[in-house]
Amino acid sequence: MAKVFRRSRIVGTLAATLLALPLLHADPARFDLAGPKVDVHVTRSGKTLPIAQVPNLQPGDKIWLRADLPPTQSVHYLLVAVFLRGTTNPPPENWFTEIQTWNKKVREEGVTITVPAEAQQVILFLAPETGGDFSTLRSAVRGRPGIFVRASQDLIESGFEQARIETYLAAIRRVPPDDAKGLAEHSDLLSRTLNLKPNADCFKRPVDTQSTCLTQAGNQTLLDDGHGQSVADALNDGSNSDLINQASYTRLAGGGNYSPYVGAIVDLIRITSTLHTAKYQYIPAIAFPDGDALNLRLNTPPSFNNPKSVIVIGLPAIQAAVPPPLRSTHPESIACLLKPEVILPVEGAPLVYATALAHDLVLHVDGPNGGTDIPVTPDAFRGGLVLAHAPARKPLPLDSSVPSDTDSKPTATPESHPSETASAPVPHQATNAVTGTITGFWGFDAFKGPTLQLQDTPGKDWKLADDDVLIAGRENHLMLSSTGTACLDTVSLDTSAGKLVEAKWKPADKPAAVDVTVSLKSIDPGSLHLAIKQFGDDKADTVAAKTYSEPARLTALELHAGDTTADLTGTSLDQVQQLTIDKLVFTPAPVNIPSNQDTATPIPAPSNSDTQLRLTLPPNSQAPKLKVGEHLTARFSLNDGRTLTLPVTVAPPRPSVTLISKNIGQATPTSIHLAGDDDLPSDELLTFSLKSVASFPRTGKIEISNADDSLRTTLSVSTGNLVLQNPHTLLATLDPIKDFGTSAFGPLRLHPISPDGTTGDWIPLVTLVRLPTFKDLRCPTDASQPCTITGSSLYLVDSIATDPAFTAPTTVPEGFVGTTLTLPRPPKAGFFLRLRDDPTAANIVTLPILPASGSASAPYAPSISSNPKGPTKN
């Protein structure tokens, strides 16, 4: 825990000086003052590396030091190198080396020191020459070694953190300030490789201010610290415990695992606030290695008056090497080695991109004769490791015994196809792929990075997925597959006019496939071709495809056990030719329009063939033996030859009832005798009985409606208009006036509804008719003169006649409002009537013939003609 706590207090932009002096007013969060330069290189086992490539030191290493001060340096600086061995173990006196930088020989040749055994850290001091300077520094370190151990660690880690920030700033400045898309893309790549979290608020600002926001060095605007508190606030109010909890553990001198939150940490002010003398104050320097040179930056101007400033410099820790934990950003991706610029998206070790500690990196491509090594360069701006292409590098043959057929094809140079960002990930494919491993040196030690999947020959056997259907008139997605898709460059649509229109594509979720977006908004149904261009192949591959009109869209299929029909819902269902379930073949049911001439005509399936369709087995077919709950696959054949599938689960049998009998209770005597047994006067009650195939549930219902559902009512046990005589026999009562009102007329139908809402088939019930009222029939003594009928609601009459064949009818026009009608003298049996609500039945009207009255107003006397609408005279 102590180690985690200690490391979590490291910051990238070192927040304070080593010694807190209230007289100094420099911004503690910024190290922007150029300091002196110290040249350093390290030799181990006969191999020498510049300090920029040294992540760690080990006992026995020889460190060469030289202060690179200007010739005009007027103040003599003493360079002191100190080895440390822990917070509670003061170093021996011989671990201190005094270097007089003004000495000519030292200035020209430098000084070499050797890392002693048991040493853990090494720290440098640059102090102005004074009497007793060396002994004073040695006493300070030996007196409180823990503070300088801590300072050494924090200075090194702060340098690593600052290197990440500087790399981010330098890279983001390469993007034009007005390129908002480029800023976002490159910031994302940099954040991934450097493990930083840029301030998201910058991308919410106007385009012309985003770049400035992202490049505010040494400012909390630059990088998100995870909590929004500035370094100065944290140091002044003492609430840095919250910052410590939010900062991730940073492994000392490691290659990765750095917290993405930079700028929120700890205070070296508090560490050494009690360490000062009358002669010296200690100020930190962050080192920016460049080759042999340690370029120092300060946040406090050095003082040459008492107390004089001692610059504190940290060197790499003395410990075993911690190799960079590089990993592939997309482990399943495949990189194409035939691209003019190949960028391998690798992350996990930000110091690989921000420093020179990783060097001599190569991609070792497996193959015959030991394979091939291709140098790679870390590039945070592009988001990965960039391969150094040979101008005419050949693809590697997959089999050493079979020469590659692409050996003669040169690879395009990077100038021909510039690339700005890391290669897009391509999902894993089983063929046409090789592997390569990142190897290199981390300081003096060789290391091995991730193994990556690669493709070095163009893909073959391009084809369209079998289930892809291209629809003319809209944007389409299709799947293209091949033996390898990593080297795909472009996919173009070859139009009928011979013009190539480039299509968008991206890697698909399926192996060895890409998802292509093709716009066919101006393309008619028919054949078309796709041109596929790959890197490393001058000739484009061609894939043929066919476009169709918009297909039917199937939503659901309702299939009940015991039915010979199935109901389909969706859109454009007029394209459905047939339905096949196992060996059962259903075809669309004919649309039966019920007529008043035959009330026994079956109630039709839904008539909207665009959204609802009933499919039926051939006539006289027996109900298939299907099990309730059985899961089946319904296959629909469309008129254009396409096939669509839909899962279906066999539903329980639908409720089914048959009509046993019915009785019309005539409450009001009338002279009209209805000829049709199925005609029901609208002002009369209807009592009828039904037989249910299965036991009828008490919560079930009987629904009654007309053909267009403009009239609808429900009978149930709870409302009292449905009575269960026994589980299978139902007695029902319908009151048309109460349930439908005075304007109800026409054929009525009924069907049962189960408690779960499942409906049975419609069956015809009655035809609802409204009756006129006839008051009297008066005839003159002269038989050749017409008779007069007086009554009310005569607009409900279609026609009257003296014979059932209606040889010479009197037709009543629509909208008739009169109260009298005329007709020839009828026989004593009465006359015949056709109602407007059911003009098919010849009903009998029995009225006594009365003598004609005196001079009455002229009754309606239409002419006798074949015009069904009759004359327009009232």
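User: How many disulfides does the structure hold?
Analyst: The structure holds 2 disulfides, a disulfide being a pair of cysteine sulfur atoms within 2.5 Å. This is a predicted model, where local features need pLDDT of at least 70 and side-chain atom pairs count only at pLDDT 80 or more, while totals for chains, interfaces and linings use all residues. Residues are numbered from 1 along each chain as its sequence is written, and side-chain values use heavy atoms, with hydrogens and water left out.

User: Which cysteine does Cys336 join?
Analyst: Cys336 is joined to Cys487, with an S to S distance of 1.9 Å. The torsion about their S-S bond is about 100°, so this disulfide is right-handed.

User: Where do the two ends lie?
Analyst: Cys336 lies in strand E12 (residues 334–336). Cys487 is in the loop between strand E22 (475–481) and strand E23 (488–494), so the link ties together parts that are 151 residues apart in sequence. Strands (E, at least two residues) and helices (H or I, at least four) are DSSP runs, numbered from the N terminus.

User: Are those two cysteines buried or exposed?
Analyst: Cys336 is buried, at a relative accessible area of 2%, and Cys487 is buried too, at 0%. Buried means under 20% relative accessible area, exposed means over 50%, and partly exposed is in between (1.4 Å probe, protein chains only).

User: And what does Cys779 form with Cys787?
Analyst: Cys779 and Cys787 form a disulfide, with their sulfur atoms 1.9 Å apart. The link is right-handed, with 115° about the S-S bond. Cys779 is buried at 4%, and Cys787 is buried at 0%.

User: New topic: aromatics. How many aromatic pairs are there?
Analyst: The structure holds 5 aromatic pairs. Rings of Phe, Tyr and Trp (its six-membered ring) pair if their centres lie within 6.5 Å; planes under 30 degrees apart count as stacked, over 60 as edge-to-face and the rest as tilted. One of the pairs is Phe125 with Phe148, which is edge-to-face at 5.6 Å centre to centre and 80° between the planes.

User: Which parts of the chain does that pair tie together?
Analyst: Phe125 lies in strand E7 (residues 121–128) and Phe148 in helix H4 (residues 145–172), so the pair ties together parts 23 residues apart in sequence. Phe125 counts as buried at 0% relative accessibility, and Phe148 is buried at 3%.

User: What about Phe125 and Tyr282?
Analyst: Their ring centres are 6.3 Å apart and their planes are at 70°, so that pair is edge-to-face. Tyr282 is in strand E8 (residues 280–290) and Phe125 in strand E7, so here the parts tied together are 157 residues apart in sequence. Tyr282 is buried, with a relative accessible area of 3%. Phe125, Phe148 and Tyr282 form one aromatic cluster.

User: OK, charges over rings. Which ring does the charged end of Lys47 sit over?
Analyst: The charged end of Lys47 sits over the ring of Phe441, 4.4 Å from its centre. Such a contact needs NZ of Lys or CZ of Arg within 6 Å of the ring centre and within 35 degrees of the ring normal. Arg174 has its charged end over the ring of Phe381, 3.9 Å from the centre.

User: Now strands. Why is E15 called largely enclosed?
Analyst: In strand E15 (residues 358–365), 6 of the 8 residues are buried, so the strand is largely enclosed by the rest of the structure.

User: Which strands does E15 pair with?
Analyst: E15 is joined to strand E18 (residues 434–442) by 6 bridges, and the two run antiparallel. Two strands pair if DSSP finds at least two bridges between them. In this pairing, His364 stands opposite Thr437 in E18. E15 also pairs with strand E16 (residues 372–379) in the antiparallel sense, over 4 bridges, and Leu363 stands opposite Ile374 in E16.

User: What's in the hairpin of E15 and E16?
Analyst: That hairpin has 6 residues between the strands, and Asn369 takes a positive phi near 60°.

User: Last one: which way do the side chains of E49 point?
Analyst: Thr820 and Thr822 point one way from strand E49 (residues 820–823), Leu821 and Leu823 point the other way, and all are buried. In a regular strand the side chains alternate between the two faces of the sheet. E49 pairs with strand E46 (residues 787–792) in the antiparallel sense over 4 bridges, with Leu821 in E49 as the bridge partner of Ile789.
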